[in-house]
Amino acid sequence: MSDSLVQLTQDERGVARITLSDAQRFNALSSEMLVALQSALDAVAKNEQARVVVLAAQGKAFCAGHNLKDMAAHTELAYYQQLFAQCSRMMLSIQKLPVPVIARVQGIATAAGCQLVAQCDLAVASSEARFATSGIQYGLFCSTPSVPLVRNMPIKQSMEMLLTGEFIDAQTALHYGLLNRVVEPERLDAAVEELVSAIVSKPRVAIRMGKELVYRQREMGLESAYQLAGQTMATNMLDSDAQEGAQAFAQKRRPRWP
């Protein structure tokens with residue numbers, strides 16, 4: 001399967017590789033990117049031969065989150081509701097996949113891009129990767145990214161990221177629990193392969209049942225949390241500060257707060 005925004009391949013072991021390939025726009029989660037990524041995930045879900053997914057990206061960024069330039073062009077609540085619902089569905093699809101998903105993080109992961117890393121079952125990052133929930137810098141609290149973030153990291157560290165929008169480096173993300181491993185850039189593929197090999201050597205049914213069990217027993221309120229966070233984020237985008245922040249981002253200038 002091939003798309004201009006997302007590439008999907010699979011090897012003879014059943015290792016599927018989904019690659020975000022919109023490097024020019026830092027693999028931002030536009031509506032089109034979300035459609036392409038959802039299609040790839042749905043294809044894996046239907047594939048009985050799939051054993052594990054590696055979620056990778058081309059270019060300097062893993063994923064820069066939602067495209068604020070596109071968002072700034074819309075001022076309708078219904079548009080924002082649809083966009084965040086679309087994104088939440090895709091994120092939930094990762095958890096619902098019957099196979100583990102490993103994020104291969106080679107560059108920055110910001111806002112919904114950081115959310116994407118947090119939503120994956122496992123994550124391996126280059127030592128050059130950095131992470132931030134940066135929406136607050138533009139007047140938009142990262143409500144939906146907060147959902148998996150606080151389920152990966154301690155609340156104090158999560159809140160600091162969400163309230164300040166500042167970057168943390170890969171070693172800090174590892175310490176906080178966002179990542180499984182951090183390696184030098186030249187060892188990134190080898191480190192991912194170590195996890196892949198360990199997973200594909202185990203019984204497929206046990207992996208499938210175990211993954212489902214882990215998330216079901218941990219909590220039952222994830223979809224409700226996403227619904228609330230999506231509505232909060234959509235409503236937040238109607239605020240004048242968020243609109244100004246989005247316009248400033250699109251125009252590559254500092255926001256001018258009232």
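Val150 is partly exposed in this predicted model, with a relative accessible area of 32% (buried means under 20% relative accessible area, exposed over 50% and partly exposed in between, with a 1.4 Å probe and protein chains only). Val150 is found in the loop between helix H5 (143-149) and helix H6 (155-164), where helices (H or I, at least four residues) and strands (E, at least two) are DSSP runs numbered from the N terminus. Together with Ile155, Met159 and Leu163, Val150 makes a nonpolar surface patch of about 330 Å². Patches consist of residues with over 30% relative accessible area and no salt bridge, like charges being joined within 9 Å and nonpolar side chains (Val, Leu, Ile, Met, Phe, Trp, Tyr) within 5 Å. Accessible areas come from the Shrake-Rupley method with a 1.4 Å probe, and for residues only the protein chains shown count as cover.

Residues are numbered from 1 along each chain as its sequence is written, and side-chain values use heavy atoms, with hydrogens and water left out. As the model is predicted, local features need pLDDT of at least 70 and side-chain atom pairs count only at pLDDT 80 or more, whereas totals for chains, interfaces and linings use all residues.

The loop between H5 and H6 also holds Asn152, which is partly exposed at a relative accessible area of 26%. A polar atom of the Asn152 side chain lies 2.7 Å from the backbone oxygen of Pro148. Not counting residues up to four places away in sequence, Asn152 touches Ala118, Tyr176, Gly177 and Leu178 (contact means heavy atoms within 4.5 Å). Of these residues, Tyr176 is 24 residues from Asn152 in sequence, with a C-alpha to C-alpha separation of 8.1 Å.

Gln38, in helix H1, counts as buried at 5% relative accessibility. The side chains of Gln38 and Ser93 are joined by a polar contact of 2.9 Å. A polar contact is a pair of N or O atoms within 3.5 Å; within protein, one must be able to donate a hydrogen and the other to accept it, and residues adjacent in sequence count only if both atoms are side-chain atoms. With neighbours within four places in sequence left aside, Gln38 is in contact with Arg89, Met90 and Ser93.

Twelve salt bridges are present in the structure, each defined as a side-chain nitrogen of Lys or Arg within 4 Å of a carboxyl oxygen of Asp or Glu. One of them pairs Asp11 with Arg13, the closest N and O atoms being 3.1 Å apart. Asp11 is partly exposed, with a relative accessible area of 24%, and Arg13 is partly exposed at 32%. Arg13 also forms a salt bridge with Glu193, with 2.7 Å between the closest N and O atoms. Arg13 lies in the loop between strand E1 (6-10) and strand E2 (15-20) and Glu193 in helix H8 (residues 188-200), so this pair ties together parts that are 180 residues apart in sequence. Glu193 is partly exposed, its relative accessible area being 31%.

A further salt bridge links the side chains of Arg204 and Glu48 at 3.9 Å, N to O. Arg204 belongs to helix H9 (residues 204-218) and Glu48 to the loop between helix H1 (31-46) and strand E3 (52-57), so the pair ties together parts that are 156 residues apart in sequence. Arg204 is partly exposed, with a relative accessible area of 23%, whereas Glu48 is exposed at 56%. Salt bridges that share partners join Asp11, Arg13 and Glu193 into one network.
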